[in-house]
Amino acid sequence: MAEVQKRLSQTTLKRRQRFHAKRDVRPAVLAKANRLVISVAALIGLAFLAVIILQAVF
């Protein structure tokens, strides 16, 4: 059983995608993009709520 787990762990390590600095997107760029997406989603949500509130008032 232990040998099977060792073999499986070695093959999964070989198949797992590793970070490659020249090919992959840098983590800082991903974090910045995530912040941008969250801020745009919040802006859309606030605009939606503002429209609903304005329709309820008028």
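Serine 39 is found in helix α2 of a predicted model. The protein chain has 2 helices and 0 strands, and buried residues make up 0% of its 58 residues.

**Serine 39**
- The side chain of serine 39 reaches back to the backbone, lying 2.8 Å from the backbone oxygen of leucine 36.
- Serine 39 has a relative accessible area of 40%, so it counts as partly exposed, the class between 20% and 50%.

**Helix α2**
- Helix α2 covers residues 27–57.
- The 31 residues of α2 should span 45 Å at 1.5 Å a residue, and this agrees with the 45 Å between its end C-alpha atoms.

**Leucine 46 and the nonpolar patch**
- Leucine 46 also has its place in helix α2.
- With a relative accessibility of 57%, leucine 46 counts as exposed, because the cut-off for that class is over 50%.
- Leu46 belongs to a nonpolar patch on the surface, together with Phe48, Leu49, Ile52, Ile53, Leu54, Val57 and Phe58.
- The residues of this patch have about 920 Å² of accessible area together.
- In an α-helix, residues three or four places apart point the same way, because there are 3.6 residues a turn.

**Surface of the whole chain**
- The accessible surface of the protein chain comes to about 6,000 Å².
- Carbon and sulfur atoms account for 67% of that surface.

How values were computed. Residues numbered from 1 in each chain as written. Predicted model: local features only at pLDDT ≥ 70, side-chain atom pairs only at ≥ 80, totals over all residues. Heavy atoms only, no water. Patch = residues over 30% accessible without salt bridge, like charges linked within 9 Å, V, L, I, M, F, W, Y side chains within 5 Å. Areas by Shrake-Rupley, 256 points an atom, 1.4 Å probe, with all protein chains shown as cover. Salt bridge = Lys/Arg side-chain N within 4 Å of Asp/Glu carboxyl O. Helix = DSSP H or I, 4+ residues; strand = E, 2+ residues; numbered from the N terminus. Buried < 20%, exposed > 50% of the residue type's maximum accessible area, 1.4 Å probe, protein only. Expected span 1.5 Å × (residues − 1). Polar contact = N/O pair within 3.5 Å; in protein donor to acceptor, adjacent residues only side chain to side chain.
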